[in-house]
Amino acid sequence: MKQYVRRILGRVLPRRVEGQSEEEYRGMLLTKGIWAMAFALAALAIVKGAMAALPGSITVSSSVNGQEIPIYCVKTDKKQVALTFEAAGGNRDIERILGILEKHDIHAAFFVTGGWVVR
């Protein structure tokens with residue numbers, strides 16, 4: 001583990017140049033650290049700003065006593081409908097459903113579980 005950490009730090013931290021005083025080397029490390037901190041803070045500000053500016057994505061979940069339950073409705077001002085299809089009995093109708101969705105340019109999200117994931 002120590003070798004791994006040394007290898008990573010060797011790539012990140014600059015090496016001391018021959019003839020460079022310890023004070024100069026520490027100053028260079030401090031400067032690099034300040035730049036890294038400024039970069040991290042700027043990245044954090046960008047992410048936080050994006051989260052505030054893009055509130056359009058909605059995550060919804062529902063649970064009672066820790067058990068997930070189906071969501072039957074969500075309050076929204078948009079006129080939209082969400083449909084679900086149960087394909088546990090087989091996939092006889094899947095191709096037909098996909099054709100109808102494609103024909104009407106309807107976007108869909110599919111959630112697969114169990115054996116469907118393996119396929």
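The dialogue below goes from the overall picture to single residues.

Mentor: This is a predicted model, in which local features need pLDDT of at least 70 and side-chain atom pairs count only at pLDDT 80 or more, while totals for chains, interfaces and linings use all residues. Residues are numbered from 1 along each chain as its sequence is written, and side-chain values use heavy atoms, with hydrogens and water left out.

Trainee: What is the mean pLDDT of the protein, and which elements have the lowest and the highest values?

Mentor: The term pLDDT stands for the predictor's confidence in each residue, from 0 to 100. Where pLDDT is low, the predicted coordinates should not be read in detail. The mean for this protein is 77, and 76% of its residues reach 70 or more.

Trainee: How many helices and strands does the protein have, and in what order do they run?

Mentor: Helices (H or I, at least four residues) and strands (E, at least two) are DSSP runs, numbered from the N terminus. Here there are four helices and two strands, and the order from the N terminus is α-α-β-β-α-α.

Trainee: How is burial judged, and what percentage of the residues is buried?

Mentor: A residue is buried under 20% relative accessible area, exposed over 50%, and partly exposed in between (1.4 Å probe, protein chains only). Buried residues make up 3% of the 119 residues in the protein. Gln20, in the loop between α1 (2-12) and α2 (22-53), counts as buried because its relative accessibility is 16%. With contact meaning heavy atoms within 4.5 Å, and leaving aside neighbours within four places in sequence, Gln20 is in contact with Arg15, Tyr25 and Met28.

Trainee: What can be said of the surface, and which residues form a nonpolar patch?

Mentor: Accessible areas come from the Shrake-Rupley method with a 1.4 Å probe; for residues, only the protein chains shown count as cover. The accessible surface of the protein comes to about 12100 Å², of which 60% belongs to carbon and sulfur atoms. Patches are made of residues with over 30% relative accessible area and no salt bridge: like charges are joined within 9 Å, nonpolar side chains (Val, Leu, Ile, Met, Phe, Trp, Tyr) within 5 Å. Tyr4, Val5 and Ile8 form a nonpolar patch with about 260 Å² of accessible area together. Ile8 belongs to helix α1 and is partly exposed because its relative accessible area is 33%.

Trainee: Where does Ser62 lie, and which residues does Ser62 touch?

Mentor: Ser62 is placed in the loop between α2 and β1 (63-64), and at 22% relative accessibility Ser62 counts as partly exposed. Not counting residues up to four places away in sequence, Ser62 touches Gln67, Glu68, Ile69 and Ile71. The C-alpha atoms of Ser62 and Tyr72, 10 residues apart along the chain, are separated by 9.7 Å.

Definitions and conventions: A salt bridge is a side-chain nitrogen of Lys or Arg within 4 Å of a carboxyl oxygen of Asp or Glu.
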